[in-house]
There are 2 protein chains.
Amino acid sequence: MHRVKTYSEYLETIEMSNARAARSKTSHYNQKREVIQVTVLRLGHRLVRDTRMSTHAALVSRALGARAIIMCGAEEDDTIDSVRRVNERWGGDFQISHSNSWREAIRDWKGLKVHLTMYGEPIDRAIPKIKQRLKKMKAKEILLIIGAEKVPKEVYSMVDYNVAVGSQPHSEVAALALFLDRIYEGKELQSHDLLPKKSLNVYERRKLMYERLNNINEKTPRTKKNEDAFSLANFWSSVGG
Amino acid sequence: MHRVKTYSEYLETIEMSNARAARSKTSHYNQKREVIQVTVLRLGHRLVRDTRMSTHAALVSRALGARAIIMCGAEEDDTIDSVRRVNERWGGDFQISHSNSWREAIRDWKGLKVHLTMYGEPIDRAIPKIKQRLKKMKAKEILLIIGAEKVPKEVYSMVDYNVAVGSQPHSEVAALALFLDRIYEGKELQSHDLLPKKSLNVYERRKLMYERLNNINEKTPRTKKNEDAFSLANFWSSVGG
């Protein structure tokens, strides 16, 4: 089992990759530079009580296009293990790392800092401003800060934007999902970047699952009634290709 | 403390309210009939382990425009209490109820049944179909089913739509948020329907909080630098009016 990267090691890797992108003339790296990169910072993780919420936050970050999550607070293996297992089975190189101090983590971040909080600016007003700011930045790196329960007041003034997702108390996991969905304009849901490394083909499995659910197979005649099931089975097998 | 409504009592109340709406000629009820109503069904809640996830699911349902959540599985007071406290402090009449049998709950539902699952149809393809179906229905009632861990196979064939939010494993809370956001076209985040009943004015508190954070008050000169803080403080005070 690998050791988890510390926050400063993580910062080094993204600086290196951004520097490489800046030097590079190839379209691959230039394309990468155009993409908004989100790193999630999870504040105040407490053992046991928060384990499942933290795991959900990590998986949502990964599934909706963020590149990494940094856990502040108690160091804890369950979330790290879950992320590793999902990476292995479902692909991608989403990273998880740990920082002992949220204060240093926010202070040392060089890109844009966005904090999700009920007391912020409504998301529909904030997103256009954030995008405007990112346009002028070479590396489009966002540190997206989400809290557990009480967030220290200091955080509000350390960031560039305090953003409110709705005007009612709900869930940091939901707020995170909606922010990523808005910043990526819904495209993250259509993305198939995260393809599994292992021989196991997830899309094939899905296709089979769908065929079983609908009692269709290759010999079933295509009628109007089962057209939908066919089209869906074909959809999953086409993105799997 | 009030008793929690059973599922069949809940079904009665919505049938009565829909019947009243159908008879009524007043714009208030007709308007209500035009609105898509979502009831969330949470499958397989297990004690302790799921309490916080269930509370988050309930608060997300409430904050993003659903009318109620039905908990299946273990009966449990923490989530119910949380929802009550939030209703009291933050307004609205979001309901929480309990059912002993998910099978009966799904079977007895008269409106549309939608199940959120990784193995479903991609959300961007499903939402237009669902809206098309709802157009033809008198009462636009959706039962939105979300699972905890393993969902019984039977569920897939009992519903009208199996919908996948993204093509990667993440979180039922995030999937719920993104589905509600898509079905309400983002309008739920701008809504201020849920105004607190109590004298405590949340928007005033927010305005003060924002002024304090930005060190502005009524006597501060409006310069370009603090224009944003002013505009935000005014925003919160205007929606509070």
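Below are legends for several close-up views of a predicted model.

The model is predicted, so local features are taken at pLDDT of at least 70 and side-chain atom pairs only at pLDDT 80 or more, while totals for chains, interfaces and linings use all residues. Residues are numbered from 1 along each chain as its sequence is written, chains are lettered from A and ligands numbered from 1 in the order in which they are written, and side-chain values use heavy atoms, with hydrogens and water left out.

**View 1. Chain A as a whole.**
Chain A has ten helices and seven strands; these are DSSP runs numbered from the N terminus, with helices being H or I of at least four residues and strands E of at least two. Of its 241 residues, 56% count as buried (buried is under 20% relative accessible area, exposed over 50%, and partly exposed in between, with a 1.4 Å probe and protein chains only). Take the contacts in chain A with a separation of 6 or more: 82% of them come from residues 24 or more positions apart. A contact here means heavy atoms within 4.5 Å.

**View 2. Helix H8 of chain A against helix H8 of chain B.**
Here H8(A) and H8(B), residues 172–183 in each chain, pack at an angle of about 50° with their axes 8 Å apart. That angle makes H8(A) oblique to H8(B). For the terms, axes are lines fitted to C-alpha atoms, for helices over the stretch in contact, and angles run from 0 to 180 degrees between N-to-C directions. Angles under 35 degrees count as roughly parallel, over 145 as roughly antiparallel, 65 to 115 as roughly perpendicular, and the rest as oblique. On the H8(A) side, the contact is made by A:Val173, A:Ala174, A:Ala177, A:Leu178, A:Asp181 and A:Arg182, and H8(B) brings B:Val173, B:Ala174, B:Ala177, B:Leu178, B:Asp181 and B:Arg182. Sort these contact residues by type and you get eight nonpolar, no polar and four charged. The sorting counts Ala, Val, Leu, Ile, Met, Phe, Trp, Tyr, Cys and Pro as nonpolar, Asp, Glu, Lys and Arg as charged, and the others, Gly among them, as polar.

**View 3. Helix H6 of chain A on H8 of chain A.**
Helix H6(A), residues 123–135, crosses H8(A) at roughly 50°, and their axes come within 10 Å. The two are therefore oblique to each other. H6(A) passes H8(A) in a right-handed crossing. From H6(A) the contact takes A:Ile123, A:Asp124, A:Ile127, A:Ile130 and A:Lys131, and from H8(A) it takes A:Leu178, A:Phe179, A:Arg182 and A:Ile183. By type, that contact holds six nonpolar, no polar and three charged residues.

**View 4. A:Arg182, a residue of H8(A).**
A:Arg182 sits in helix H8 of chain A and counts as buried at 17% relative accessibility. Leaving aside residues up to four places away in sequence, A:Arg182 touches A:Ile123, A:Asp124, A:Ile127 and A:Lys131, along with B:Asp181, B:Gly186 and B:Leu189.

**View 5. Strand S4 of chain A and its partners.**
Four of the five residues of S4(A), residues 95–99, are buried, so this strand is largely enclosed by the rest of the structure. Strand S1(A), residues 5–6, pairs with S4(A) in the parallel sense over two bridges (pairing needs at least two DSSP bridges between two strands). In that pairing, A:Thr6 stands opposite A:His98. Strand S3(A), residues 68–73, also runs parallel to S4(A), joined by five bridges, and A:Ile69 has A:Ile96 as its bridge partner.

**View 6. Strand S7 of chain A beside S5.**
A:Tyr161 and A:Val163 point one way from S7(A), residues 161–164, with A:Asn162 and A:Ala164 pointing the other way, and all are buried. S5(A), residues 112–122, runs parallel to S7(A), with five bridges between them. One bridge pairs A:Val114 with A:Tyr161.

**View 7. Glu185 in both chains.**
Most residues other than glycine have a negative phi. A:Glu185 has a positive phi, near 55°, and B:Glu185 has a positive phi of about 55°. A:Glu185 lies in the loop between H8 and helix H9 (202–213) of chain A and is exposed, with a relative accessible area of 51%. B:Glu185 is in the loop between H8 and helix H9 (202–213) of chain B, and counts as exposed at 52% relative accessibility.

Key. A crossing is left-handed if the near helix is turned anticlockwise from the far one by less than a right angle, and right-handed if clockwise.
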